[in-house]
Amino acid sequence: MNILIAFESLLLIGMTALAVQVRQLGLEVTLSQNTKVFLLLIAFPIIWLFSLSLFGAWDITIFDNHIDGYRRLLKSSFMTFLAFTSASYIFKIQISRFVILFSLVGGTIIHLILRWIFLTYVEKKIESTTNQDRWLVLTCNPELSSAA
C-alpha cells in the first residue's frame with residue numbers, strides 16, 4: 001500500500017508541475033508577482049493527498065472491492081476540485097482553467113489507470129503464491145500418532 005501512496009504522490013506533484021510549465025510556456029514568471037498563485041499550486045497536491053486519505057482511498061478494503069476503491073478515488077478528486085476552486089475564489093487568485101483541468105482531470109484519469117494496474121498486479125501476486133494449509137490437531141488421546 002505504501003508503494004501506491006508514493007506513486008500517487010509523485011503523480012500529483014508531477015501533473016501539477018507539468019500543467020504549470022505548459023501553461024507558463026513562453027511567459028516570464030516572477031515569484032514576487034505570483035506568490036499567492038504559487039502557494040495555491042503547491043497546496044494543490046497536498047489538498048488532494050489529504051482528500052484521498054480522508055475518503056479512505058488507500059484503505060485495505062479496496063483489495064476486496066475494487067469498485068469501491070475507484071469510487072473513493074473519484075469522490076476525493078471531486079472534493080479536491082471543490083476545495084481548490086473555493087480557495088481560489090475566496091482568496092481571489094486567478095488560476096488558469098487549463099491548469100485545473102489538466103492536473104485534475106488528467107490526474108484523475110491517470111490515477112484510475114495507476115490504481116487499476118496496481119490492483120491487477122496485487123491480484124496476480126496473490127494468485128501466484130501457493131497457499132499451504134497446515135492443521136494442528138490437539139487431542140488428549142495418547143493412542144493417536146503424529147502421522148494420523
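A helix here is a DSSP run of H or I with at least four residues, a strand is a run of E with at least two, and both are numbered from the N terminus. By that rule, Thr 35 is found in helix α2, residues 35-54. What we have is a predicted model, so local features need pLDDT of at least 70 and side-chain atom pairs count only at pLDDT 80 or more, while totals for chains, interfaces and linings use all residues. Residues are numbered from 1 along each chain as its sequence is written, and side-chain values use heavy atoms, with hydrogens and water left out.

Thr 35 has 37% relative accessibility, so it counts as partly exposed.

Next, the charged side chains. Side chains of opposite charge can pair when their charged atoms come close. A salt bridge is counted when a side-chain nitrogen of Lys or Arg is within 4 Å of a carboxyl oxygen of Asp or Glu. The structure holds 4 of them.

One of these joins Asp 59 to Arg 72, at 3.5 Å from N to O. Asp 59 lies in the loop between α2 and α3, and Arg 72 in helix α3, so the pair ties together parts that are 13 residues apart in sequence. Asp 59 is partly exposed at 33%, whereas Arg 72 is buried at 16%.

Arg 72 also forms a salt bridge with Asp 68, with the closest N and O atoms 3.0 Å apart. Both lie in helix α3, 4 residues apart, which is about one turn of the helix. Asp 68 is buried, at 13% relative accessibility. Arg 71 meets Asp 68 as well, at 2.2 Å from N to O. Which residues does the network of salt bridges link? They are Asp 59, Asp 68, Arg 71 and Arg 72.

Last, the helix packing. Helix α3, residues 66-90, packs against α4 at an angle of about 160°, with the axes 11 Å apart. Axes are lines fitted to C-alpha atoms, for helices over the stretch in contact, and angles run from 0 to 180 degrees between N-to-C directions. That makes α3 roughly antiparallel to α4; angles under 35 degrees count as roughly parallel, over 145 as roughly antiparallel, 65 to 115 as roughly perpendicular and the rest as oblique.

Conventions: Buried < 20%, exposed > 50% of the residue type's maximum accessible area, 1.4 Å probe, protein only.
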